Every structure is written in structure tokens, then in C-alpha cells.
Amino acid sequence: MALELLVLRGLGLGDLLTAVPALRSLRQAFPRHHVTLATPKVLGALLPYIGAVDDQIDVSGPGPVPFERPDIAVNLHGKGPQSIEALRATRPARLISFGVGPPWRDGVHEVRRWCGLLEWHGIPADPEDLTLGISDRSGPVIVHPGAAYPARRWPPERFAEVAAALDDVVVTGNAEEVPLARRVAELAELPGDRVLAGRTDLADLIELVSRSRLVVCGDTGVAHLATAFCVPSVVLFGPVSPSEWGPPPGWRHVALWAGHRGDPHADRPDPGLLEIEVDEVVEAALEVTS
């Protein structure tokens, strides 16, 4: 009977990508275990690229987790009692989690946070093991104006100015962000067929980002895809510091931040985000692609 290792990460695209080094470390540390990842079903297209997961169960949020008696359960979801109790309810022989192990520390980069959790439990982890592949970068420039919360959304008028200053631009986004993407394209005087928002599932987005020449976006999942596929990027940060969620240094990524922290769930653009000017973004875009 196979040994079972269960991992919970019931969050979004960027969250899963920051957990890649931890997932790979678990795979290496427990090669005889069957690894099941509890994560939203929509993220399934990403798993073959990670190469550390054998199976997936559809879980959004901290649980419950429909699984029984894993040999090891690993909480890569968070520090709260809900995720811990959800994994305890599976009755694991061993539980690896904040709250039952090392103390949670604020201000730690998300990639290093989960690697640090594993290292505390004696499992070596390499936070630089983020890469999912490298393509020929023959595709277009991606401008992605959306983000989960208004606090992290730079104004569409500014994204449009950036798009107008660059060549071969497409505008991406999910189905809810179609009006935003169309607004950016119209202001930048881009043809309608350059708006890909609402027309790409995750598999399409992965393929598009992996071969793009540049990604310009806010603090959102597409930024982490650019990091994963070593695509040059310019990422605009507002209420959250890039020291916690930003791309690694030295990989042709530029993280722009005014240095002010704020509420990442606010219903309006963060004041610090608004301090970032169009000229700064265009200059950074030209620099990382030169």
C-alpha cells in the first residue's frame, strides 16, 4: 500500500507558484510517497510543470479536505486554525504546519516562508527552485491591468499609456476583467483582437506567458508566472512590499514600489501604487528587454 502525503494550498495562482520550491522539496524528501495536493481545480493545468504532485483534490480555502489518514499532512495554506483543524480532521500520522511547529513571522517572503517551515522540520528546501521552463520568448508583450483587489490595481489610463509606448502588446485578464482590458486597449488605440481577456483558460495563459517577451502587471498571479518561466517583467507594487511577494532579484525582473505599506484589501488604488509614474514603468520595460 502506497504511503500518502497530503499538502493543502487552497489559494490562487500566485500562491501556488510561490509554493513550488516547497512542493519540490517534499517530493525529494519523500520519494516513496504518493503526493496529493489540495488546491482549486482550476489550477490543475499548472501541476505538470511543477513535477512534484501525483494527484489533486479540489479544495478552495482552508478546508475541509476530503482525505483520510495520510501518513504526512503538510499545511502550506496559512497559520490560521481553520487550515490546521482541516488537516487534523484527516487524521494524519504526522502533521507539518505553523501553529504546531515554528512560529509564524511577519515580513518574510512567501517563498522562503514555506521553505523555512520545511527546514524547521529537517526537510532541505531551495527557495530558488522556482523555474517551470524557458521558451524562446518570441511572443508578444503582455499588459495585465487586473488584480484581485482594487488596492493593487494601477489605473487603466496609465496601463494604456504604457501599452501605447510598447510594441506588439496584448491585454490579458479573466472573464470579470474584460471591460477593464477593453478600456486599456481602447485608450491605447489597440485593435480589438489584441484583447485576450476572457478568452484564455489557465493552460492558454501559461502558454502565452511562457513565450512572451515581457509582462507588465500589478502584484498578481501573472507576475509569478513570468518569474516561473524566466520572462522579463515589470511588476507594480502598492500596499504590499516586494520583499514579501516580489520576484527574485537578478532575473531581469523589476519590482516598482514607492515604499509605503497599506491595506491590500482596500476598495481603491493604494496611494503608494499611485505614486508610480508611467515614465518609470516604460523605462523599466525598455531596460529589461534591451
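This is a predicted model: local features need pLDDT of at least 70, side-chain atom pairs count only at pLDDT 80 or more; totals for chains, interfaces and linings use all residues.
## A parallel sheet and a pair of crossing helices

Strands E2 and E3 (residues 55-58) pair in the parallel sense, with four bridges between them.

Strand E2 spans residues 33-39. How many of its seven residues are buried? Six are, and the strand is mostly covered. E2 is also joined to strand E1 (residues 3-8), and these two strands run parallel, with six bridges between them. Here Leu 5 stands opposite Val 35 in E2. In general, the strands of a sheet pair through backbone hydrogen bonds, and the pairing may be parallel or antiparallel.

These pairings belong to a wider arrangement. Five strands form an open sheet in the order E3-E2-E1-E4-E5, and the pairing is parallel. Which strands lie at the edges? They are E3 and E5 (94-96), each of which pairs on one side only. From one strand to the next, the twist averages 20°. A helix also packs on this sheet: H4, residues 81-88, touches E1, E4 (72-75) and E5. The direction of H4 makes about 170° with that of E4.

Two further helices can be followed next. Two packed helices are described by the angle between their axes and by the distance between those axes. For helix H6 (residues 156-165) and helix H7 (residues 178-187), the axes come within 8 Å and cross at roughly 50°.

On H6 they are Pro 156, Glu 157, Phe 159 and Ala 160. On H7 they are Leu 180, Arg 183, Val 184 and Leu 187. Sorted by class, the contact of H6 with H7 has six nonpolar residues and two charged ones, with no polar residues.

Definitions and conventions: Residues are numbered from 1 along each chain as its sequence is written. Side-chain values use heavy atoms; hydrogens and water are left out. Axes are lines fitted to C-alpha atoms, for helices over the stretch in contact, and angles run from 0 to 180 degrees between N-to-C directions. Contact means heavy atoms within 4.5 Å. Ala, Val, Leu, Ile, Met, Phe, Trp, Tyr, Cys and Pro count as nonpolar, Asp, Glu, Lys and Arg as charged, and the others, Gly among them, as polar. Buried means under 20% relative accessible area, exposed over 50%, partly exposed in between (1.4 Å probe, protein chains only). Two strands pair if DSSP finds at least two bridges between them.
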